[in-house]
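Hi,

Here is the structure I promised you. Have a look at it first, and then read on for what I found in it.

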Amino acid sequence: MTDRITRVTVSSVTLPLPTPISDAKVLTGRQRAMTEVAMLLAEIDTAEGHHGFGFSYSKRAGGPGQYAHAVEVAPDLVGEDPSDIGRLWTKLAWAGASVGRSGLSIQAIAAFDVALWDLKARRAGLSLAKLIGSHHDAVPTYNTSGGFLHTPVDEVCANATTALQRGIGGIKVKVGQPDWREDLRRLEKIRAHLGDDVPLMVDANQQWDRATAMRMGRLLEPFELVWIEEPLDAYDVEGHAHLTRTLATPVASGEMLTSVREHLALVDAAAVDVLQPDAARVGGITELLTLLTHASRHHLTVAPHFAMELHVQLAACYPGPVWVEHFDWLEPLFEERLETRDGQMVVPDRPGLGLTPSQQARAWTTDSVTVSEARS
Ligand SMILES: [Mg+2]
């Protein structure tokens, strides 16, 4: 069965956030508060009438660059067989080879790659997880969006209660403030509020140096955390490896890495206990699957970063311990909602990703380009 891509649409969508968002990178002065997410949407249609939808994204700067790169390479897909996903990934990577095989250029490719996988699963009448080969119908989930640093601690506690009542299993909160004692004060209140049995994680968003990370890692041990996330600069492989060997609490990282190769440096150095890839950031589903295989062989826990609508399908395909991050930010972009119960996120059984762009997503579209096969 061969088919042919006849039409590719690339859209730039600006998703506003209800409240300016601050993690430790803002409190240490390295980044401004986040007020929007730049979404890159890709829609692919074929001669046989099949359709695929995918997306990528960027936070703060980079969205216009991703969009421009996607618009530039989109014509390379027209006329191709949509089933040849691996070959098409390589073709698009070669098209942008001079700007590299990591970062912005492959994040643009990610939107097409996700759309092609969505198309293939829809055509098969299977969810993406079932198409790939699923291990789970539901995946343990934890909430992040309620625990940022712009949120007063009483509100963090209230948000956690709401999340648990919604069937979300764990709670992650941000740390890494310039005054580490303030992190501990917040955590004490949060742990006391949750009790000892609720899985709790912290995320320092790369804002500790090696000495601070080690000190904090030891001070945090009584909290019995599921993991400490991004204690160090994302590219400090040696520093992460030392923490992982030394601390009782598992160490997590990987969300800021922008290629599989960068992740393999962490994995091969046994630098983390929990790997946190983001399919949009590493070039899409094709690349993420390579990484999941590698992580599994090293018996790592996998907790994909952000974009739960995409990652719940991929987490379901991981044979080892796995978590999916509950982040409600992208919900307005889609007609559908994910279901959480008993601490788990249910893997949708609708064909493909099971996602339909909402009217709101169309209204937030700032630019869009369609390339089509020339009619003969
Ligand atoms: Mg994080």
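What share of the contacts in the protein chain with a separation of 6 or more comes from residues 24 or more positions apart? The answer is 71%. Bear in mind that this is a predicted model.

First, the overall picture. The protein chain has 14 helices and 14 strands. Its radius of gyration is 20 Å, close to the 21 Å the globule rule gives for 376 residues, so the chain is as compact as a globular protein of that length. Along the principal axes, the C-alpha atoms fill a box of roughly 70 × 40 × 40 Å. Of the 376 residues, 49% count as buried.

Now the domains. Where they meet, 35 residues of domain 1 are in contact with 28 residues of domain 2. On the domain 1 side, the elements that each supply at least two residues include strand 1 (5-21), strand 2 (34-46), helix 3 (85-95) and helix 4 (104-124). Helix 4 gives the largest share of that side, with ten residues. By type, the residues on that side divide into 20 nonpolar, ten polar and five charged.

UniProt also has a domain annotation, from an unreviewed entry: "Mandelate racemase/muconate lactonizing enzyme C-terminal", covering residues 153-250. That stretch is 49% helix and 11% strand, with its end C-alpha atoms 24 Å apart.

- Lys174 lies in strand 5 (residues 170-174). It counts as buried because it has 27 C-beta neighbours inside 10 Å. Leaving aside neighbours within four places in sequence, Lys174 is in contact with Asp23, Ala24, Gly147, Phe148, Leu149, Asp203 and Asn205.
- His305 sits in the loop between strand 10 (301-302) and helix 13 (308-315). His305 counts as buried too, because 25 C-beta neighbours fall inside 10 Å. Not counting residues up to four places away in sequence, His305 touches Glu255, Gln276, Pro277, Asp278 and Glu325.

Cheers

Conventions: Residues are numbered from 1 along each chain as its sequence is written. This is a predicted model: local features need pLDDT of at least 70, side-chain atom pairs count only at pLDDT 80 or more; totals for chains, interfaces and linings use all residues. Helices (H or I, at least four residues) and strands (E, at least two) are DSSP runs, numbered from the N terminus. A residue is buried if 20 or more other C-beta atoms lie within 10 Å of its own, exposed if 12 or fewer, and partly exposed in between; C-beta atoms are placed from the backbone. Two residues are in contact if their C-beta atoms, placed from the backbone, lie within 7 Å. UniProt positions are given in the numbering used here, feature names are shortened, and annotations may be inferred rather than shown by experiment. The radius of gyration is taken over C-alpha atoms; the globule rule is 2.2 Å times the number of residues to the power 0.38. Ala, Val, Leu, Ile, Met, Phe, Trp, Tyr, Cys and Pro count as nonpolar, Asp, Glu, Lys and Arg as charged, and the others, Gly among them, as polar.
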